[in-house]
Amino acid sequence: MRTVLVTGLGGAGRTTVAAATALAGARGGARTLLISADTVPGFPTATEPTAVSDGLWSVRIDSGAHFRSELLALQDKLSGVLDLLGGNRMDGEELTELPGSGALAMLHALRRAARGDWSRAGYDLLVVELPPLHEALALLALPGQLRRYLRRLLPQERQAARALRPMLAQLAGVPMPAQWLYEAAARRDAELAEVQTLIEDRATTLRLVAEPGPAAEDALRAARTGVALHGLRVDALVANRVLPRHASDPWFAALAAQQEKCLGHWHEERSAGSPPLHMPHLGRDPQGPGDLAGLADDTPGLSPDSRDGGRAEDPWWIEEAAAPEGQDDSDGILVWCLRLPGAVKKDLQLVRRGNELLLTVGPFHRIVPLESALRRCTVSGAALTDGVLRVRFTPDPALWPRTS
């Protein structure tokens, strides 16, 4: 299954592009599912997959309903503790969702789609409308972050000592975590792993949406570093609501010229990749599947029928360091590389903590686990050159296998 994650700047028309992409995929013969938290004009609003047209289904995420069902299930699980403490149970009608519940509802929907819970035959194409770009980056990083928290707070290897818990509880004076807590953590970890696998799959791409203009130009330039830091691959930049080049009205002509200038810059910046796709301005908001299908037909390359998705090469890689001039070897030094287009040295922070690298670039932050070979090395230097971060690792003699 190929997955296209649609995000972009707020108000740029992410819903329109996501729906047009899904329609194009279905018309190309792919069994397509569109997932969105917003209402798509002319599409069903059901929270279970509902047919839109031949080969196309849509589902709307109800974050409030998901929050209530999850909290009520947790309340039932903790019923014994609540009764012991004299707590009063809450009814679903009195529960209102908390900030952040939308992200968890989206992850739940992605897991169901990845597992094929919504279709016995499965889908060929999954199109997901994500929140605006900065929120989307945080959402896509959430499965890995939550799994890391679970491993640190409730390490599974501690279950081996469950026979000693009564004695440990007496010595420590506090109750030890119950077995069900470890089991619940293991289930959550497995669920998050399914979503993380979907996000990191080579068949998953990010599709950025922006309306050409100075503000969008600056925002995308700043955000591309965050996209690279999180290891995401962009298959297309969609310029939405593009005005006709030749307009008789001076006011519209000035706006069209401003858009044309911005599009020229985007073409130059993406000279090594695919050029931006253009979606024309209809003069009004799309009013149904007919308008959306027309936008998809009029926009070359919008159909996501390519199996490789036009993906770039891996965002990070490991290579052997080149030998210094006049030497025969590199002393086994390995270089961990990460492409960070647009990053500047003053905004970059790099910390090695155990078997992880803590990376911060401006407002973006990520913790990257090191591969096994690098865990047995020490960091001997780092440099940011031509948009690529290179971290040098030197084998630790105390940890590296000796050779005869």
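## Basis of the description

Because the model is predicted, local features are given only at pLDDT of at least 70 and side-chain atom pairs only at pLDDT 80 or more, whereas totals for chains, interfaces and linings use all residues. Residues are numbered from 1 along each chain as its sequence is written, and side-chain values use heavy atoms, with hydrogens and water left out.

## The eight-stranded sheet

Eight strands form an open sheet with mixed pairing, in the order β3-β4-β2-β5-β1-β6-β7-β8. Helices (H or I, at least four residues) and strands (E, at least two) are DSSP runs numbered from the N terminus, and two strands pair if DSSP finds at least two bridges between them. The edges are held by β3 (50-53) and β8 (277-280); each has a single partner strand, so one side of each is left without a neighbour in the sheet. On average, neighbouring strands are turned by 25° against each other, direction ignored. The antiparallel strands β3 and β4 (residues 56-60) are joined by three bridges, and S53 stands opposite L56 in β4.

Helix α1 (residues 14-27) packs on this sheet and touches β1 (2-8), β2 (32-36), β3, β4, β5 (125-129), β6 (204-210), β7 (234-242) and β8; contact means heavy atoms within 4.5 Å. The direction of α1 makes about 170° with that of β5. Such angles run from 0 to 180 degrees between N-to-C directions, with axes fitted as lines to C-alpha atoms, for helices over the stretch in contact. Helix α9 (residues 250-269) lies across β6, β7 and β8 and runs at about 170° to β7.

## The three-stranded sheet

A further open sheet has three strands in the order β11-β12-β13, with antiparallel pairing. Its edge strands are β11 (348-353) and β13 (364-369), each with a single partner strand, so one side of each is left without a neighbour in the sheet. Neighbouring strands here are turned by 15° against each other on average, direction ignored.

Between β12 (residues 356-361) and β13, which run antiparallel, there are six bridges, and T360 stands opposite H365 in β13. Helix α8 (residues 214-229) packs on this sheet by touching β12 and β13, and its direction makes about 15° with that of β13.

## Aromatic pairs

There are two aromatic pairs. Rings of Phe, Tyr and Trp (its six-membered ring) pair if their centres lie within 6.5 Å; planes under 30 degrees apart count as stacked, over 60 as edge-to-face and the rest as tilted. The ring centres of W57 and Y123 are 5.8 Å apart and the planes stand at 65°, so this pair is edge-to-face. W57 belongs to strand β4 and Y123 to the loop between α4 (101-115) and β5, so the pair ties together parts that are 66 residues apart in sequence. Y123 is buried, at a relative accessible area of 10%; buried means under 20%, exposed over 50% and partly exposed in between (1.4 Å probe, protein chains only).

W251 and F252 have ring centres 5.1 Å apart and planes at 85°, so this pair is also edge-to-face. W251 is exposed, with a relative accessible area of 57%, while F252 is partly exposed at 39% relative accessibility.

## The surroundings of E129

E129 lies in strand β5 and is buried, at 4% relative accessibility. Beyond its neighbours within four places in sequence, E129 is in contact with V6, R14, T15, A18, I35, S36, D38 and M106. V6 is 123 residues from E129 in sequence, yet their C-alpha atoms are 4.9 Å apart. The side chains of E129 and T15 make a polar contact (2.7 Å). A polar contact is a pair of N or O atoms within 3.5 Å; within protein, one must be able to donate a hydrogen and the other to accept it, and residues adjacent in sequence count only if both atoms are side-chain atoms.
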